[in-house]
Amino acid sequence: MNSRSDQPLRLGTRRSKLAMSQSGHVADAVRETTGRPVELVEITTYGDVSREHLAQIGGTGVFVTALRDALLRGEVDFAVHSLKDLPTAQPDDLVIAAMPLREDPRDALVARDGLTFEQLPDGARIGTGSPRRTAQLNHLARTLGKRIETVAIRGNVDTRIGYVRSGELDAVVLAAAGLNRIGRSAEVTEHLPVDSVLPAPGQGALAVECLASDADLIAALGRLDDPHTRAAVTAERSLLAALEAGCSAPVGALADLLADGQTVNEMRLRGVVGTLDGATLVQLSTTGPVPQSYDEAMALGRELADEMLAKGAAGLMGERSL
């Protein structure tokens, strides 16, 4: 860490309104815990400028590489990522110093006329850029005996909700956390229950990353870490990594902490993979003691992934380009 305590810490962030909001919250928390000034350094990533669909340009990682390059070049001291954007393999020279308390992990429906998913008309057009959401929305529609058409979309929150406001789409599905962070949660017409639609691994959580060699900064940022959030998302990402190795179907996962009164004593991890048309889903869960270490959280994810692969998840191999 820059030894001069009056020197501002430079926080690397993407330029989108959501990223700036997320980074602003982290910057405030770092100022509070360290007494150091923090300045935001805006960095444009390939994912921000490319108009291609995310799944085609590599999905996870496209928003992350430019931020990590800036860290490695010493242009910023730390960076804030949406955890679901981070590839599961962590580079040796960088460390996630903090995973702050997680926001709402659920997916949110923003539909015309205040409609819920169940109230959408037959043949409704629903926008999402996510194969994971596509598979589960199609499955949910099948269970309700209705037909929907999922439409691949990209763009920021304004652009996506704009498709609904203009009448081009009946609804879009977005992460509730992002809408909460930019003050637009009032536009949600239904929070999709996780029993029907599991979020992306790590959804709603942030990762605060810095150089692995910067022990002082790691210690300072570590004060923002929420151990329960870290245990949950570590298990989810372990499940994702194990499934990615054996299956290319879209993955949803959520670990939640189960409390007995005031004491959190167990963690339930749920995972799902499915075909894009929603015809076949493999959804399983496991419950165990709250992991007390990184290795225990990783083991929980791997065990559930193994069960899912044994139940036929690997047979849902889609095209890897999806």
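Helices (H or I, at least four residues) and strands (E, at least two) are taken here as DSSP runs, numbered from the N terminus. This is a predicted model, in which local features need pLDDT of at least 70 and side-chain atom pairs count only at pLDDT 80 or more, while totals for chains, interfaces and linings use all residues. Residues are numbered from 1 along each chain as its sequence is written, and side-chain values use heavy atoms, with hydrogens and water left out.

Let us begin with helix H4, residues 131–143. Just after H4, Gly 145 adopts a positive phi of about 70°. At the other end, where H4 starts, a side-chain oxygen of Ser 130 comes to within 3.2 Å of the backbone nitrogen of Arg 132; this is a polar contact, meaning a pair of N or O atoms within 3.5 Å, where within protein one must be able to donate a hydrogen and the other to accept it, and residues adjacent in sequence count only if both atoms are side-chain atoms. The 13 residues of H4 reach 18 Å from the first C-alpha to the last, close to the 18 Å expected at 1.5 Å a residue (the expected span is 1.5 Å times one less than the number of residues).

Several residues of H4 are buried, including Arg 132, Arg 133, Leu 137 and Leu 140. Buried means under 20% relative accessible area, exposed over 50%, and partly exposed in between, with a 1.4 Å probe and protein chains only. What covers these buried residues includes strands E5 (107–111), E6 (124–127), E7 (148–151) and E8 (171–175), together with E11 and E12.

Asn 138 deserves a stop of its own. Because its relative accessibility is 13%, Asn 138 counts as buried. A polar atom of its side chain lies 2.8 Å from the backbone oxygen of Leu 276. Leaving out residues up to four places away in sequence, Asn 138 touches Ile 148, Thr 150, Leu 276, Asp 277 and Gly 278, where contact means heavy atoms within 4.5 Å.

Next, look at strand E10, residues 206–211, where five of the six residues are buried. E10 runs antiparallel to strand E3 (residues 78–82), and five bridges join the two; His 81 stands opposite Ala 207 in E10. Strand E4 (residues 94–98) also pairs with E10 in the antiparallel sense, over four bridges, and here Leu 94 faces Leu 211. Two strands pair if DSSP finds at least two bridges between them.

Now for the nonpolar cores, each a set of buried Ala, Val, Leu, Ile, Met, Phe, Trp, Tyr and Cys residues joined through side-chain atoms within 4.5 Å. The largest has 23 residues, and among those with the most contacts inside it are Leu 239, Met 267 and Met 308. The elements giving two or more residues to this core are helix H8 (227–246), strands E11 (251–260), E12 (263–274) and E13 (281–289), and helix H9 (294–310). H8 provides the largest share, seven residues. Beyond its neighbours within four places in sequence, Met 308 is in contact with residues including Leu 243, Val 273, Val 282 and Ala 313. A second, separate core of 16 residues includes Val 26, Val 80, Val 208 and Leu 221.

Finally, a word on confidence: pLDDT is the predictor's confidence in each residue, from 0 to 100. The protein chain averages 89, and 91% of the residues score at least 70. Over residues 53–59 the pLDDT is below 50, and this stretch has 15 contacts in the model beyond near neighbours in sequence.
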